[in-house]
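Please open the model in your viewer and keep the sequence panel beside it. The stops below say what to select next and what is found there.

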Amino acid sequence: LSDRLTSVFSSLRAKGRLSDADIDATCREIRIALLEADVALPVVRAFVAHVKERARGSEVSQALNPAQQVVKIVNDELIEILGGETRRLRLAKTPPTIIMLAGLQGAGKTTLAGKLARWLREQGHAPMLVAADLQRPNAVQQLAVVGERAEVAVFAPEPGNGVGDPIDVARRSIDHAKRQQHDVVIIDTAGRLGIDQELMRQAADIRDAVRPDEILFVVDAMIGQDAVTTAQAFMEGVGFDGVVLTKLDGDARGGAALSVRHITGKPIMFASTGEKLGDFDAFHPDRMASRILDMGDVLTLIEQAQKTFDEEQAKKMAGKLTSGDGFTLDDFLEQMAMVQKMGPIKNLLGMMPGMGQMRDQLNQIDDRDLDRIAAIIRSMTPGERAEPKIINGSRRARIARGSGVSVTEVSSLVTRFFDAQKMMKRMAGGLGIPGMPGSGG
Ligand code: GDP
Ligand code: MG
């Protein structure tokens with residue numbers, strides 16, 4: 001796939017504008033990549049259409065070639081969709097927090113129950129596992145082993161009473177948890193090999209009996225396209241609040257993640273990556289996006305191209321800084337925005353003799369500050385920005401009105417600017433700064 005993309009890139013590289021043809025060509029490759037990753041076709045269609053629209057409206061980036069830019073949009077969009085509304089586990093106001101696991105047999109529910117329990121225990125909780133899977137003969141035993149490994153309590157029906165009633169077990173487990181001061185209850189339920197009515201009814205009955213704070217739908221990332229029908233069935237039959245993707249240690253490209261997220265709108269909360277208790281992590285949308293796209297090299301390239309571009313901008317600015325005179329309020333604003341966005345110029349400044357003070361000043365700016373400064377500068381005329389000396393009392397009052405700040409704030413900004421300019425003039429007078437364009441004369 002990467003080979004194909006490279007050829008698309010080289011044919012597009014020379015152009016400066018993002019045309020419909022550029023977008024279409026790249027999107028054809030994206031479409032294939034998504035299908036190869038097992039993303040369901042309707043989801044692929046909707047996603048690609050969405051990306052095309054965004055790409056069309058987007059400004060042409062100076063840092064990237066058109067194909068790279070489209071890939072970047074795709075990647076950003078994937079991360080956004082996969083990560084949109086990510087959230088932590090919701091803990092109940094009055095304990096215990098009840099978490100119910102639902103999913104097909106073999107999805108990894110019981111394994112996950114242990115992982116989740118251990119993870120919670122490590123965070124200072126006192127979780128309890130509940131064996132509400134009474135379908136398979138050794139399911140209770142399996143959970144007992146998992147509980148032992150995770151070093152957490154397990155609530156199970158007493159042996160010897162024949163087949164117990166999972167709804168009754170779930171209900172009784174909550175009272176038990178309260179008595180034993182367990183603050184989180186994790187209910188492991190039965191699954192079937194396929195979607196079936198009885199399974200859904202049982203899960204729904206358990207849900208109604210215990211009213212969980214979180215129902216997590218556990219789905220095997222390896223099942224690919226089937227993830228969509230399974231997710232839909234569980235959505236309708238039981239309903240759920242979050243998704244856990246399992247078996248991400250396998251070679252599945254993880255299209256299931258995008259499909260399930262797209263179809264159900266529910267957040268993917270955790271990722272399971274192996275059979276051991278520690279093979280468990282919060283879900284990382286960025287990792288998933290690059291896994292689905294399978295364009296690691298391309299993404300790295302894009303990142304590098306952007307970084308280089310940013311560094312060049314920073315150097316250009318540093319050049320202007322050291323010459324002092326050409327430094328305007330627009331530059332001041334741009335420079336602060338840049339400092340805000342990334343580190344390089346701060347480091348650059350730190351290396352220049354006498355710049356320590358300037359760097360300290362820059363370090364003090366926070367986001368809100370920057371917004372206000374931007375508002376003030378944007379309320380100035382171009383003439384005032386280029387020649388701040390002309391900003392007298394009445395101009396200050398006008399600028400203050402225009403930007404919704406006090407006159408004092410406008411004055412303080414102008415003073416800050418003059419300080420910065422003075423400092424730079426002083427430096428420009430004779431300091432040769434190695435490797436700095438525009439410095440030393
Ligand atoms: P359940 O039927 O939903 O309770 O699924 P289980 O927890 O019993 O898991 C089914 C099988 O998948 C077991 O052999 C697990 O060891 C295995 N398994 C579960 N999660 C993972 C995972 O993230 N990675 C891998 N490789 N295997 C897993
Ligand atoms: Mg199980």
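Begin by selecting strand 1 (residues 97-102), which is mostly covered, with 6 of its 6 residues buried. Helices (H or I, at least four residues) and strands (E, at least two) are DSSP runs, numbered from the N terminus, and a residue is called buried if 20 or more other C-beta atoms lie within 10 Å of its own, exposed if 12 or fewer, and partly exposed in between, with C-beta atoms placed from the backbone. This is a predicted model, in which local features need pLDDT of at least 70 and side-chain atom pairs count only at pLDDT 80 or more, while totals for chains, interfaces and linings use all residues. Residues are numbered from 1 along each chain as its sequence is written, and chains are lettered from A and ligands numbered from 1 in the order in which they are written.

In a regular strand the side chains alternate between the two faces of the sheet.

Strand 4 (residues 184-189) pairs with strand 1 in the parallel sense over 5 bridges, and Met 100 stands opposite Ile 187 of strand 4. Strand 5 (residues 214-220) also runs parallel to strand 1 and is joined to it by 4 bridges, with Leu 216 of strand 5 as the bridge partner of Leu 101.

Stay on Ile 187 and display its contacts, a contact meaning that the C-beta atoms of two residues, placed from the backbone, lie within 7 Å. Leaving aside residues up to four places away in sequence, Ile 187 touches Ile 98, Ile 99, Met 100, Leu 101, Val 130, Ala 132, Ala 170, Ile 206 and Val 210.

Which residues are closest to ligand 1? Among the 17 residues that surround ligand 1, the closest are Gly 108, Lys 109, Thr 110, Thr 111 and Ser 272; a residue is near a molecule if its C-beta atom, placed from the backbone, lies within 6 Å of it. Helix 5 (residues 109-122) gives the most to this shell, with 3 residues. The shell divides into 1 nonpolar, 11 polar and 5 charged residues, where Ala, Val, Leu, Ile, Met, Phe, Trp, Tyr, Cys and Pro count as nonpolar, Asp, Glu, Lys and Arg as charged, and the others, Gly among them, as polar.

Move on to helix 10 (residues 255-264), which is largely enclosed by the rest of the structure because 7 of its 10 residues are buried. The buried residues of helix 10 are Gly 255, Ala 256, Ala 257, Leu 258, Ser 259, Val 260 and Arg 261.

Now select Ile 292, in helix 11 (residues 285-293), which counts as buried because it has 24 C-beta neighbours inside 10 Å. With residues up to four places away in sequence not counted, Ile 292 touches Leu 34, Ala 37, Val 39, Leu 78, Arg 253, Gly 254, Gly 255, Ala 257 and Leu 258. The C-alpha atoms of Ile 292 and Arg 253 are separated by 5.3 Å, although these residues are 39 residues apart along the chain.

Pro 96 lies in the loop between helix 4 and strand 1, and a cis peptide bond with omega of about 0° joins Pro 95 and Pro 96. Asp 38, in the loop between helix 2 (20-36) and helix 3 (41-57), has a positive phi of about 75° although it is not a glycine, and Asp 38 counts as buried because it has 23 C-beta neighbours inside 10 Å. Glu 151, in the loop between helix 6 (139-150) and strand 3 (153-155), likewise has a positive phi, near 55°, but Glu 151 counts as exposed because it has 11 C-beta neighbours inside 10 Å.

Note on methods
Two strands pair if DSSP finds at least two bridges between them.
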